[in-house]
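Me: I have a structure open and want to learn to read it. Can you take me through some features?

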Amino acid sequence: MSLIVSMAAFALAASITPGPVNIVALSAGAQFGFRASQRHVAGATLGFVLLLVLMGLGLHEVLKLWPFMTRVVQLAGVVFLLFMAWKLAIDNGQLNTSDSARAPSMLHGALMQWLNPKAWLACIAGMGAFVADGEARLVWQFAAVYLVICYLSVGCWAYAGTFLRGYLTNAQGMRLFNRVMAGLLVVSAAYLIMA
């Protein structure tokens, strides 16, 4: 049982801490509400767990053979973060109460994880710590634990955004909030460039 607790603690520490995926979840919750933000939450969770499983089943070996791929993923992540920041920065701030078509999709959530170096590092570190020998049973066990923890963690950020929604009742306040979130994404992108 202690292995599962250790896996859960690692998953919580990696999933609940601020990062691009959680910033977008917070913003989606604030702008579109909790229900509409669940597409992003589910996509981010499933995208991460798929990456985790693939890493556990051998993707890390590909990265050892072609280390430049790590830099390619990092640069693609920077471009995607800047795109998401731009979308937030130009948003008109109107709260979307009836149509959530513009809320981040499951695909955006999954892409954010696949282009997020924090997610790659969490997968590599987690698999190294808990599944160093590549045992398939442990890979799937870790993935199951991470699925629950990641979903709840990203969901907490979306819920926090939904809570903030009550304080962002006018377009001007929402525009300011979105621009602050866009700025945080730009800072995340800048950090990735310097890393």
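Reply: Start with helices. Helices are DSSP runs of at least four residues, numbered from the N terminus. This is a predicted model. In it, Val148 sits in helix α7.

Me: Now the inside. Which residues touch the most other members of the largest nonpolar core?
Reply: Phe48, Leu52, Phe142, Tyr146 and Leu185, out of 51 residues. Helix α7 gives the most to this core, with 11 residues.

Me: How many aromatic pairs are there?
Reply: Nine. Planes over 60 degrees apart count as edge-to-face. The rings of Phe10 and Tyr146 are at 75 degrees, with centres 6.5 Å apart, so this pair is edge-to-face. Phe10 is in helix α1 and Tyr146 in helix α7, so the pair ties together parts 136 residues apart in sequence. Tyr146 counts as buried because its relative accessibility is 1%. Phe10, at 23%, counts as partly exposed.

Me: What is the geometry of the pair Phe130 and Phe142?
Reply: Tilted: 50 degrees between the planes, 5.1 Å centre to centre. Phe130 lies in helix α6 and Phe142 in helix α7.

Me: Which residues form one aromatic cluster?
Reply: Phe10, Phe48, Phe130, Phe142 and Tyr146.

Conventions: Residues are numbered from 1 along each chain as its sequence is written. This is a predicted model: local features need pLDDT of at least 70, side-chain atom pairs count only at pLDDT 80 or more; totals for chains, interfaces and linings use all residues. Side-chain values use heavy atoms; hydrogens and water are left out. Helices (H or I, at least four residues) and strands (E, at least two) are DSSP runs, numbered from the N terminus. A nonpolar core is a set of buried Ala, Val, Leu, Ile, Met, Phe, Trp, Tyr and Cys residues joined through side-chain atoms within 4.5 Å. Buried means under 20% relative accessible area, exposed over 50%, partly exposed in between (1.4 Å probe, protein chains only). Rings of Phe, Tyr and Trp (its six-membered ring) pair if their centres lie within 6.5 Å; planes under 30 degrees apart count as stacked, over 60 as edge-to-face and the rest as tilted.
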